[in-house]
Amino acid sequence: MKIVCLVKEVPDSEAKITVENGKIKETGVKFIVNPYDEYGIEEALKIKEAGGEHQVFILTFGTERAKKVMESAMALGADEGFLVADGSAPDCDSHTTAKVLAAALNKIGFDMIFCGKQAIDDDSSQVGVRVAEMLSLGHASVVNKFELTDGKVKVERQIQGGQEVIEMPVPCVITCQKGLNDPRYPSLKNIMAVKKKPRTVFTLDDIGLSADDVGVNGSFVEVTKFEPPLEKAPGRVIEGEPEDTAKELIRSLREEAKVI
Amino acid sequence: MDFALDETSEQIRDLARDFATNELAPRMAEIDDAHAHPWDIFKQLGELGFYGIIFPEEAGGLGLDFLTYAIVLEEIATGCFNTGLMMGVHTMSTHATYTWGSKELSEKYVPQCMAGEKLFAFALSEPDYGSDAAGIKTRAVKKDGGYVINGTKAWITFGEAADYFLVMATVDPELKSKGITAFIVEKGWDGLSFGEPEKKMGGNGLITSQVILEDVFVPEENRVGDEGVGLKIALGALDGGRIGIAANATGVMRRAFDESLKYAKERIQFGREIIRFQSMQFKFADMAAKIEASSLLTKKAAWLKGKGLPCTKEASIAKLISTDFANEVCSEAVQVMGAYGYMQDYPVERLLRYIKCTQIFEGTNEIQRIVIAKHFM
């Protein structure tokens, strides 16, 4: 089986995000593999290690810079890496990103696709499912249990009040939730081995797309600006006798906060 | 001189940092209080390949330079000093065997140690001979295709936890330093026993004990290098070992800095966080300067060693400065945290208790000064 894991380059969750002129400042920010994508890679590696003829591929869409993140993902033990490199990547909405990934998937082939349930930067939670729809594949999102037997996938996902169990044939798309598995650390040997493994960089042209299909041109959604969250004003402690403090609390809720 | 890491070494540094932050730092106290060898961590580091950094690829290692190794050791020690020390001592014994031992000996012992399946201790010091290593009394007498060894080794890190011991013994006390020879002794061999684990001031995540050899027969093929080169092997290993201790001390300093800084930013006295007082800022500025200086000296020595250039003086300077500074920094970290810092519920007191030993082992800091002075006498 060709198992393809979709991977997104995201800022490190520890990184301090600053906004300048409505755009996120990227200098000095470290970029990492989207943590939810790591659950997908781990699941793919587990399938491979359980035996059988399987290959684990990493597929990324990003700017040239994302090559590093593709390689970090490969260091977990993948066999091959693919990056669709285009400067328009940051301007692509979920629809366009999925379009690019679907085109690349058609190019490299697939029998099974894993993806994080969401990226930790824009949190849109759409790309995996959109890819499935574009490729007319079955899909299950936010999966926390996965089993593969005789070409059939059985997954579980948490829903309100219980677990939902879904069965479907491969190929299909699974988006992965925390708890699905315990992603491994890359071994030093695998880190070293990445440079010796096949790594392909596609242009849009290579996957049959053009500049009109991507970025602002190809997207329905345009991000006009980013704003940092407003700093929360510090709380106020009202001191005194209960009779007075209650009065003062009501007064400030009514007159200052204007919530009652 | 270039301390910049290439992309691969940078990834390995990041892995060490992630592992230290996520796996080691939360367990530092638990490991230190265990008074037992941290086997699960030892094996995990082996599985990830941390013990193979400086071994060439044909030996199953990663073929990376000593600088990468030192940087990784610093990161690991930031998470857990016991683990950092363990990695340093184990790698040092294994690497000495690889460098000096016969091909057969190397093939027999090195792969399993590199994989973290077996633990390798280094046995040089004796109750009466520490700094004066050339005077060691442990005796190896040639007999029936091997040697019979008698003697007592003291302060041996890992103690009875170790599977293998790189034992220094003299084949002829008359020859002084030129009689010292290295042997690999396995746990379980007749005549090998251990003292009670020592009760130490700190660093209790690793066992330290005497290793006692009574008529232990060692086959000739377990001699590492020729007769008489033992001290050279030991001192060569110590060059690397000293850089390792310097890296370890630098990592511990960083932890002390981080823990006390976090506290200083949260602790409120006289209506403001104590970090806002200049007296505190000066403390942290001094600590930061000491960490930076130690890290650079360590990297310089490691870079020289990696290039195969002489580094004995630089290794001693790195060890001397880093461990002295680390003692000052850990003490300041406790001071910043006041009564909390002195309590065992907070992490810095165990850093202070541990860090003292870094001025003592791998050659006391007085010995380091002698080594340094030799270069201009």
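This is a predicted model: local features need pLDDT of at least 70, side-chain atom pairs count only at pLDDT 80 or more; totals for chains, interfaces and linings use all residues.
Reader: What is the bridge partner of Tyr164(B) in β5(B)?

Author: Strand β5 of chain B spans residues 180–186 and pairs with β4(B) over seven bridges. This pairing is in the antiparallel sense. Within β5(B), the partner of Tyr164(B) is Glu186(B).

Reader: How many residues of β3(B) are buried?

Author: Strand β3 of chain B takes in residues 146–157, which makes 12 residues. It is mostly covered, with a buried count of nine.

Reader: Which residue in the turn between β2(B) and β3(B) has a positive phi?

Author: Strand β2 (residues 139–143) of chain B pairs with β3(B) in the antiparallel sense, over five bridges. One of the bridges has Lys143(B) facing Gly146(B) of β3(B). The two strands form a hairpin with two residues between them. In that turn, the residue with a positive phi, about 45°, is Asp144(B).

Reader: Now for the two chains together: how much area do chain B and chain A bury between them?

Author: The contact involves 21 residues of chain B and 14 residues of chain A. Of the area buried, 61% is on carbon and sulfur atoms. The total comes to about 1,500 Å².

Reader: How many salt bridges does the rule find across that interface?

Author: Take the side chains of Glu10(B) and Lys68(A), which come to 3.2 Å, N to O. A salt bridge needs such a nitrogen and carboxyl oxygen within 4 Å, so this pair qualifies. Across the interface of chain B and chain A, the number found is four.

Reader: Which element gives the most to the side of chain B that touches chain A?

Author: Between the chains there are seven residue pairs in polar contact, both residues being at pLDDT 80 or more. On the chain B side, the elements giving two or more residues are α1 (7–24) and α3 (39–48). With 11 residues, the one that gives the most is α1(B).

Reader: Is Asn34(A) buried or exposed?

Author: Look in the loop between β5 (31–33) and α1 (35–49) of chain A, where Asn34(A) is found. Its relative accessibility is 1%, and the cut-off is under 20%, so Asn34(A) counts as buried.

Reader: Which residue's backbone oxygen does the side chain of Asn34(A) reach?

Author: Leaving aside neighbours within four places in sequence, Asn34(A) is in contact with residues including Lys8(A), Val10(A) and Ile120(A). Its side chain reaches a backbone oxygen at 2.8 Å. That oxygen belongs to Gln118(A).

Conventions
Residues are numbered from 1 along each chain as its sequence is written. Chains are lettered from A and ligands numbered from 1 in the order in which they are written. Side-chain values use heavy atoms; hydrogens and water are left out. Contact means heavy atoms within 4.5 Å. Buried area is the accessible area (1.4 Å probe) that two parts lose on being put together, summed over both. A polar contact is a pair of N or O atoms within 3.5 Å; within protein, one must be able to donate a hydrogen and the other to accept it, and residues adjacent in sequence count only if both atoms are side-chain atoms. Helices (H or I, at least four residues) and strands (E, at least two) are DSSP runs, numbered from the N terminus. Two strands pair if DSSP finds at least two bridges between them. Buried means under 20% relative accessible area, exposed over 50%, partly exposed in between (1.4 Å probe, protein chains only).
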